[in-house]
Every structure is written in C-alpha cells, then in structure tokens.
Amino acid sequence: MLEMERKTDIITKFKVKEGDTGSAEVQVALLTERINQLTEHLKLHIHDSHSRCALLKLLGKQRRLLAYLHRTAPERYHSLVARLGLRKYHA
C-alpha cells in the first residue's frame, strides 16, 4: 500500500482544484504509483499469482479511467500521460 506522505504528495501534485482528491488525474496517478510498486514486487516474487491478479485489475481500472479522460477532456489526458510518462492508450 502507499504510504500516507507519498499519497498526499501525489494528490497535491495532480489535483485539478483545491480540495480535489477524486478527479481522474489523481486516481490515475495513485493507480500508477501502486502499479509500479506491484511490478517491482513481482520481479522478486515471480510466483505470487494473487498479486499478479491484483496488478491486472489495477491496470484495467487505470485503462478505463484514461479512456474516460481521453473521451471527455483530451488536453487533460495528453498532459497527464506526459507527466506520468505513460505510453498512450489512444491516438
């Protein structure tokens, strides 16, 4: 799980407005951090299939949120993908 300090740092970095904790940008940033942690965990523990399943669920959720953001606000989507260093899911 994410540490509280790291989580609040991500929220303040990616928030859209003051008091924002649930926008698509914040959710994708938090998911990306968790995905990176699970990826590192799975490099050490190759046979941990429960964590692998959790990783696939997180990736699906991240993909859906990015698709929503691309559909509703393409400029915010492109900005977020660039800031997080993700490969683009859409053209």
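This is a predicted model: local features need pLDDT of at least 70, side-chain atom pairs count only at pLDDT 80 or more; totals for chains, interfaces and linings use all residues.
Student: What arc do the buried residues of α1 cover around the axis?

Tutor: Ile10, Ile11 and Phe14 are the buried residues of α1. The arc is taken over the directions from the helix axis to the C-beta atoms. These residues lie on the same side of α1 because they cover an arc of only 100°.

Student: Which helices do the buried residues of α1 pack against?

Tutor: Contact here means heavy atoms within 4.5 Å. By that criterion, the buried residues of α1 pack against α2 and α4.

Student: How many helices and strands does the protein have?

Tutor: Helices are DSSP runs of H or I with at least four residues, strands are runs of E with at least two, and both are numbered from the N terminus. From the N terminus on, the elements run α-α-α-α. The count comes to 4 helices and 0 strands.

Student: Why do the buried residues of α4 line one face of the helix?

Tutor: Helix α4 spans residues 74–84, and its buried residues are Tyr77, Leu80 and Val81. An α-helix has 3.6 residues a turn, so residues three or four places apart point the same way. The buried residues of α4 line one face because, seen down the axis, they fall within an arc of 100°.

Student: Which exposed residues does the face of α4 turned away from its buried side carry?

Tutor: The cover over the buried residues of α4 includes α1 (4–14), α2 (24–44) and α3. The face turned away from that buried side carries the exposed residues Glu75 and Ala82.

Student: At what angle do α3 and α4 pack?

Tutor: Axes are lines fitted to C-alpha atoms, for helices over the stretch in contact, and angles run from 0 to 180 degrees between N-to-C directions. The two axes are 5 Å apart. The angle makes α3 oblique to α4, since under 35 degrees counts as roughly parallel, over 145 as roughly antiparallel, 65 to 115 as roughly perpendicular and the rest as oblique. The packing angle is about 135°.

Student: How do the residues of the contact of α3 with α4 divide into nonpolar, polar and charged?

Tutor: Leu66, Leu69, His70 and Thr72 in α3 meet Pro74, Arg76, Tyr77, His78, Leu80 and Val81 in α4. Ala, Val, Leu, Ile, Met, Phe, Trp, Tyr, Cys and Pro count as nonpolar, Asp, Glu, Lys and Arg as charged, and the others, Gly among them, as polar. The contact divides into 6 nonpolar, 3 polar and 1 charged.

Student: Which residues is Arg83 in contact with, leaving aside its neighbours within four places in sequence?

Tutor: Arg83 lies in helix α4 and counts as partly exposed, because its relative accessibility is 45%. Its C-alpha atom is separated by 10 Å from that of Glu25, 58 residues apart along the chain. With neighbours within four places left aside, Arg83 is in contact with Lys13 and Phe14.

Definitions and conventions:
Residues are numbered from 1 along each chain as its sequence is written. Side-chain values use heavy atoms; hydrogens and water are left out. Buried means under 20% relative accessible area, exposed over 50%, partly exposed in between (1.4 Å probe, protein chains only).
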